[in-house]
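Subject: Structure for you to look at

Hello,

Please find the structure below. My notes on what was found in it come after it.

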Amino acid sequence: MPAPPRGQSKLKSTFEKFDVDSSGELSVSELSSALKELGNSIADSDLPRVLKKVDKDGSSSVNFDEFCLLFDEASLRNVYREFDADRSGGITVGELRSALERLDVHVTADQAKELLKTVDVSGDGEVSFEEFERFFETVPMADLRSVSQKWLQLSGIDTGSDLSVSLPPNHMPLWRFVLAGGLGGVCSRTFTAPLERIRIEAQVGGSVRSVFSSTKEIIAKSGKGWRALFAGNGANCVRVFPHAGIACLTYASLVKLLPSDAVLDRNEYAWRAAAGGCAGVTATICTYPLDVLRTRLALNSGQAEYSSMTSAMRHIYSTGNLWKGIRPTLYAVAPFVAIQQATYDVIKMSAMEYGNVRPSVGFFLTCGAVAGLGAQTIVYPLDLIRRRMQADGGVAEAQTKRSVVTHYTWLALRGVVRNEGARGLFRGMWPTFLKVAPAVAVSVTVRDAVLGRL
């Protein structure tokens with residue numbers, strides 16, 4: 001008889017959550033939802049096979065005991081032995097590479113080391129069974145392929161920030177990552193567009209109002225009703241795909257040139273952070289005019305100067321303002337990427353090692369959201385200066401604190417502190433806090449749904 005799964009309480013709560021009719025059984029669709037909740041994306045075509053393996057009474061549904069059969073410890077131990085070829089009780093970088101090669105997945109030693117670190121909580125360079133089980137105990141019908149697939153899927157997420165750079169997992173074709181991530185980014189930015197609109201208004205206008213009051217004022221003064229809350233979102237969505245594509249292509253090209261892609265290097269994270277920062281800077285420069293366009297359109301709501309994105313772009317080009325604010329933007333991109341990734345790693349490892357937190361989709365999303373918000377907070381003053389420089393010369397010029405609009409970032413920061421106090425550097429932070437959680441949830445949900453169909 002198979003050993004019961006160690007995380008049975010988690011399985012029980014998941015089972016009950018998706019047993020919506022309290023029948024004590026999960027239908028095929030409910031089973032699919034439950035497995036996704038546990039971090040496993042199974043194609044619809046594979047569900048009948050999964051169901052057949054555990055549906056002992058032939059009811060075309062699974063009760064809790066049958067559900068638990070999908071996650072028995074004996075199967076997971078067998079998979080662990082397939083990785084641990086020398087039976088030493090620890091999976092090494094070489095053994096991980098060898099196991100992946102049997103599945104025709106070829107990674108460099110450095111890439112394998114990066115993968116190993118995601119599971120090696122103790123940091124001793126090997127993965128024990130206890131560490132292995134913590135990550136993969138909720139993989140149904142565990143075998144070498146399914147565990148390897150989930151291992152390879154561990155990657156970063158889009159927190160909805162303009163400064164954020166979503167970098168592709170090493171095993172995934174760039175076109176799939178850009179397409180899925182781009183669609184997720186478009187949906188998340190559209191969903192949170194009202195909060196972004198309020199944030200830009202607060203940054204440029206320098207006023208202090210509640211989110212609710214700002215929403216009412218934007219709707220009232222625009223003459224366009226609720227549509228004013230989405231002003232500039234079209235340009236923001238247009239920017240998503242080229243920004244993601246350029247960042248991914250640049251990153252993929254740079255890591256092939258860096259030392260970390262050829263040999264094991266203790267400075268691996270530094271090299272990859274440098275590559276990520278360069279990728280972010282390149283993508284930002286190439287798509288920056290669209291960011292200026294988005295700001296101008298957002299602040300143009302209710303005015304007659306810009307009748308369309310085309311007319312707005314012509315006006316911005318004719319006045320020589322396509323690149324206003326590029327300096328503070330570039331100053332913020334590389335630190336944002338480095339701080340976000342470093343914070344994510346620290347929070348994730350600390351929570352698992354000292355807080356006895358079990359890895360899960362929700363846990364990784366929370367780590368990503370907290371890391372993104374922390375990085376955004378640190379570089380936020382530069383983001384505020386960027387917006388004010390972008391708005392300078394447009395319809396919103398009268399709203400802008402003209403004394404701080406300058407081509408020099410340091411003078412602009414000093415001007416804000418002098419006129420508005422240190423708190424002025426963080427105008428619009430509340431909408432930023434509020435939009436992180438929904439931005440992450442929508443982006444990841446759409447991204448994973450698209451990847452499941454490619």
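A residue to start with is W175, which lies in helix 10. Note that this is a predicted model.

Is W175 buried or exposed? W175 is exposed, because its relative accessible area is 54%, and the word exposed applies to values over 50%.

Helix 10, which runs over residues 174–191, gives the patch its largest share, namely three residues.

Helix 9 is another element to look at. It covers residues 144–152, and seven of its nine residues are buried, so the helix is largely enclosed by the rest of the structure. Buried here stands for a relative accessible area under 20%. The buried residues of helix 9 are L144, S146, V147, S148, K150, W151 and L152.

Now the protein as a whole. It has 454 residues, and 52% of them are buried. Its secondary structure consists of 19 helices and two strands. The accessible surface comes to about 20400 Å². Carbon and sulfur atoms account for 59% of that surface.

The last item is contacts. Taking the contacts with a separation of 6 or more, 72% are between residues 24 or more positions apart.

Regards

Methods: Residues numbered from 1 in each chain as written. Predicted model: local features only at pLDDT ≥ 70, side-chain atom pairs only at ≥ 80, totals over all residues. Heavy atoms only, no water. Helix = DSSP H or I, 4+ residues; strand = E, 2+ residues; numbered from the N terminus. Buried < 20%, exposed > 50% of the residue type's maximum accessible area, 1.4 Å probe, protein only. Contact = heavy atoms within 4.5 Å. Areas by Shrake-Rupley, 256 points an atom, 1.4 Å probe, with all protein chains shown as cover.
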